[in-house]
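Have the structure open as you read.

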Amino acid sequence: MEKKMMEWIAYTESRIDLSAYKLHACAIRRSHNFLSETLYTLEMEWFPIERDGRSKDGYNPPGTAIIELDLAAMQFTKILYVGGVSLSSGPIIETGNAEAAAAWIEQETGLQYRKQFCLSKQTGNEYQFSACYEGIPISPQARIDLKLDQTGKLVLYSRHGRFAAAEEITPEPFTLTLDGEVQQIAAGQLRRLTVPANKTRKWLAVYGLEEVYIAQDRKTLIPIRTDIDEAARCDVNERMEWETPLEHPYERRPLNLTRHPVTVEQVLEREPDPDMRSLTPEERELAKHAVLGLLRSKYPEDSGRWNMVSLSVRHGYVIAKLKVPDDWRFPGIKMIVHIDRVSMEVVNWMDTLSFLDLYNDYEPADYDEPLSLETACSRLHDKLRLDPVYVYDFELRRYRLCGKLDSDYGVLAHSGEVISLQDL
């Protein structure tokens with residue numbers, strides 16, 4: 001097994017030309033993507049030969065190479081030179097030329113420019129490429145960042161997310177328009193929230209659109225999820241209620257979010273990421289009990305106020321998400337509780353209460369004679385956006401072409417004025 005590790009290290013050293021470096025540290029980490037596929041990555045730190053170690057402050061010396069190698073594809077997911085100083089002989093890419101940068105990425109990854117990834121941003125010799133199919137964005141998103149020094153030498157390459165394979169997509173023309181059917185969907189996505197306006201130091205009651213993906217059949221709506229990488233997720237939707245408080249000294253402990261190293265044997269055996277192991281009924285009940293205890297101790301007067309939305313697993317912790325469903329402020333009252341999966345004890349928790357306290361002196365929102373939902377929707381009629389996006393459908397296990405319905409504007413509920421949400 002040591003021989004296999006040495007093969008991976010030698011491959012890295014020769015492919016990137018690390019002849020001016022010595023290996024300082026390496027470890028294999030395990031993770032997963034949104035399709036629950038286990039990923040194994042060899043993480044390495046290479047120090048310049050003339051440097052003995054880190055500084056007294058614990059920083060890597062300038063020129064240190066931070067390398068991450070995907071052991072399944074044998075492709076690099078990160079190449080970073082600390083301080084933007086590379087002692088490697090290459091690669092050298094023509095500066096200021098996005099086409100040249102894309103050509104190097106094609107050679108390195110096997111992805112096709114403009115078909116599977118497109119340029120989304122360029123600032124000098126810094127490039128950001130995003131996943132696409134024939135120029136149309138992909139969801140969940142994936143991206144590649146690339147940076148060159150003044151001579152064109154690579155000093156940063158970073159790849160995040162999963163790029164769609166061509167066989168996972170069925171090309172089709174985009175036929176959705178902002179017609180009457182879509183306008184009806186938009187009306188169903190309109191929400192009334194109160195948001196803080198920093199300029200006037202006042203809460204504003206605003207109708208805003210909750211963005212959503214619309215399939216081309218106009219019948220299927222796919223919510224835009226921020227929890228796409230959560231493993232073993234299950235919906236709970238349970239009101240947390242109790243009769244008596246609990247006198248228990250809960251204290252926050254630091255979270256260990258570093259994935260534990262794994263062995264070469266585990267890589268070769270393709271052992272699944274343990275985070276993906278589904279929560280058992282017993283674990284779900286123990287997690288609910290742990291959260292209930294925290295609430296009884298820290299929020300003894302809040303029985304019936306909190307709703308547990310979901311449970312999931314990340315970095316060995318069971319993560320409980322809660323919210324107060326009848327609070328219409330943005331971002332609203334929410335809480336995330338981390339529970340040790342072995343002991344099933346609460347380790348840490350975070351809520352938005354302290355954030356909302358910052359707005360205690362803001363003038364309350366004006367709810368007198370609010371606009372009707374129908375009127376608010378008509379005011380936003382010409383402010384809607386409908387952009388094509390290939391979205392992964394978990395039921396079909398393929399990407400399907402959808403329209404992303406969104407708007408950068410809202411309607412003040414008390415006056416009907418259309419405002420830019422970005423200006424609040």
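This is a predicted model: local features need pLDDT of at least 70, side-chain atom pairs count only at pLDDT 80 or more; totals for chains, interfaces and linings use all residues.

Residues are numbered from 1 along each chain as its sequence is written, and side-chain values use heavy atoms, with hydrogens and water left out.

The sheet is open and antiparallel, with five strands ordered S14-S15-S16-S17-S18. Strands here are DSSP runs of E, at least two residues, and helices are runs of H or I, at least four residues, numbered from the N terminus; two strands pair if DSSP finds at least two bridges between them. S14 (231-239) and S18 (346-351) are the edge strands: each has a single partner, so one side of each lacks a neighbour in the sheet. From one strand to the next, the twist averages 15 degrees (axes are lines fitted to C-alpha atoms, for helices over the stretch in contact, with angles from 0 to 180 degrees between N-to-C directions).

Now look at S16 (residues 317-323) and S17 (residues 334-340), an antiparallel pair joined by seven bridges. Val318 has Ile339 in S17 as its bridge partner. Packed on the sheet is helix H5 (residues 281-298), which touches S14, S15 (307-314), S16, S17 and S18 and makes about 125 degrees with the direction of S17. Contact means heavy atoms within 4.5 Å.

The loop between S16 and S17 holds Asp327. Is Asp327 buried or exposed? Asp327 is buried because its relative accessible area is 17%, and buried means under 20% (1.4 Å probe, protein chains only). Its side chain makes a 3.0 Å polar contact with that of Arg329; such a contact is a pair of N or O atoms within 3.5 Å, where within protein one must be able to donate a hydrogen and the other to accept it, and residues adjacent in sequence count only if both atoms are side-chain atoms. Leaving aside neighbours within four places in sequence, Asp327 is in contact with Gly332 and Ile333.

Definitions and conventions
Buried means under 20% relative accessible area, exposed over 50%, partly exposed in between (1.4 Å probe, protein chains only).
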